[in-house]
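Please open the model in a viewer and follow the selections below in order.

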Amino acid sequence: MRNEAPATGRNPITSINEALREGRFTRDRLKGIFRFADTDTKSTGKFLRRHEDELMRVLRDTMPGLVQSSSENAVQSALSSLGSDERVLGAGQHHRLLIKPDAFHVSVLFQPTLAFLGRVTNVLPDGLESARSASEVLDDFVLKVYLPQLEEKISLLFHHAVSAPDAFQPDILSTRFSPRPILKAATQLIALINSLCAMLRTTPFHRENYSRLIVGVIIQFYQRCSHRFQALVSNGGIESPSSSSLAAQWAQKSELSPCLSELFVAEDCVIKQQLCRQESHLEMGYLTQCSVDKCDLNPSVRNISALCSLYRSIAWFTQELNALKSSPEGALSPTSTFSRMDPVSAFSSQTSWPHFPFLHDTSKDNQLILPLSHEMALRFGALLKTYTQLAEIILHTIRIEVRCRAIYYLDAAFRHGNYQIDHEVGEPDPYIVDLNSELSDFDEFTSTTLLKKEQNFVFFGLEDLVERLLVNNARQIRVANDFGMKKVNRNIRALQQSIRTIGDGEQFAEFERARQYYTLFSLGTSRFA
């Protein structure tokens, strides 16, 4: 058997072996131990006398000789002696807590309790009335005690999940169930939601209120993700958010967003090229009266890596929620018995989440679903759409950020570059070098955080935009000579080599049109007279 971490690190239910180790767990002596011997025997006896007499009568009628007259007070005698024997408690009333009280454990008792009430109905003469009264007590307990405590527990777990210092850092264990790393907050909250759905299998009371707690977690996480996105695209950075970057603003424009959404799902290369030209036309239209300045870009390329991780996590989170929604009807029954499975280690915290509910196995034979009323189902569907829209905006922002940087650096290279030089230079313009460096960073970020299709979407059509900018920005060159034109050609070659290496390598980047355009310089003005 392989070595494993202690049970307390894998799930909140401590193993009995660990609990029985000397000195490992001690009783909280501030809390007293309940004993029947400490109760008011007179009031208890008065309350139970009617039920005891009825029970004795039934036993005499059905099994004569089993119950003697001297046994009429047997119940009270047993209650008075139970718990008073020092052999039970031991010296000093020593007591160990095997399982820590927790709202997540209460649902385990529902089915046994209901089964017991069913037996009471069959055994006792007035069993139906007693069971009905007990059911009302249980229903009242769920509504006034269990659900409020569960809501408080969920709120605490949610706060820990999204407010931890590494909440929006990749979870290294997530690669066990996802092709790309997922943020820790997303994996922890899916673990919480799946645990709640598993508990819902054995929760026969107020299921609508219970489902509302789960939907509340989904709503709150969407708000956190939205705030995270706004902070990452802020020109002031995460610490001092201000206005959004130009890419984030364009990504939310009603004319551009449908074009990019269609481009993402398109398969035909001709259609994709048409959509890219439409996108470039719209983007150039936004720049009719202005240009892209440095302050319009995201202040840190590291934020792009965070945006990629946020997008992938939201997309994965939405897929997991869809799985809960699209599970076969009938897989969940209020009276079905749910067998607890071993926790999935990928979702288990090893150190910092000792009180976090573990994630149950969700294999085909143990499929989890979230049963919802019609009204809640509509709300749940709307929530999934908002998650999908947020994920699209983030991915579109990443793509547009790449293009905005290409627009800025190429404009600066022609506007501020010196192309009237007295010797041949061996390096491209510094702005071109910076652009290539950032494109390489973007390629690294996307290749490690996004799926292949998403990475291709980010860079698709970039070579066409760059070639268009190479030609259009020629108007920014005030004076040039032959050495200056060689510098332009060196810039083109540097861009060609850089773009060919990013993404999946399908960006051919021939730039033939740009090359032919700049060869016109060598013809001189006399050829156009």
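In this predicted model, the crossing of helices H14 and H16 is right-handed. Select residues 301–325 for H14 and 430–449 for H16: the two axes come within 9 Å and cross at roughly 20°. Because angles under 35 degrees count as roughly parallel, H14 is roughly parallel to H16.

Next, display the side chains at this contact. From H14, select Val301, Arg302, Ile304, Ser305, Cys308, Ser309 and Arg312; these meet Glu438, Asp441, Phe442, Phe445, Thr446 and Thr449 of H16. The contact residues comprise five nonpolar, four polar and four charged.

Turn now to the salt bridges, of which the whole structure has 14. Select Glu279 and Arg399, whose side chains form a salt bridge with an N to O distance of 2.6 Å. Glu279 belongs to helix H13 (residues 269–286) and Arg399 to helix H15 (residues 374–416), so this pair ties together parts 120 residues apart in sequence. Arg399 counts as buried, at 0% relative accessibility, and Glu279 likewise has 0% and counts as buried.

Finally, select Arg490 and Glu424, a salt bridge with closest N and O atoms 3.7 Å apart. Arg490 lies in helix H19 (residues 482–501) and Glu424 in the loop between H15 and H16, so the pair joins parts 66 residues apart in sequence. Arg490 is partly exposed at 22% relative accessibility, and Glu424 is partly exposed at 43%.

Methods. Residues numbered from 1 in each chain as written. Predicted model: local features only at pLDDT ≥ 70, side-chain atom pairs only at ≥ 80, totals over all residues. Heavy atoms only, no water. Axes fitted to C-alpha atoms, helices over the stretch in contact; angles between N-to-C directions. Helix = DSSP H or I, 4+ residues; strand = E, 2+ residues; numbered from the N terminus. Parallel < 35°, antiparallel > 145°, perpendicular 65-115°, else oblique. Left-handed = near helix turned anticlockwise from the far one by under 90°. Contact = heavy atoms within 4.5 Å. Nonpolar A, V, L, I, M, F, W, Y, C, P; charged D, E, K, R; others polar. Salt bridge = Lys/Arg side-chain N within 4 Å of Asp/Glu carboxyl O. Buried < 20%, exposed > 50% of the residue type's maximum accessible area, 1.4 Å probe, protein only.
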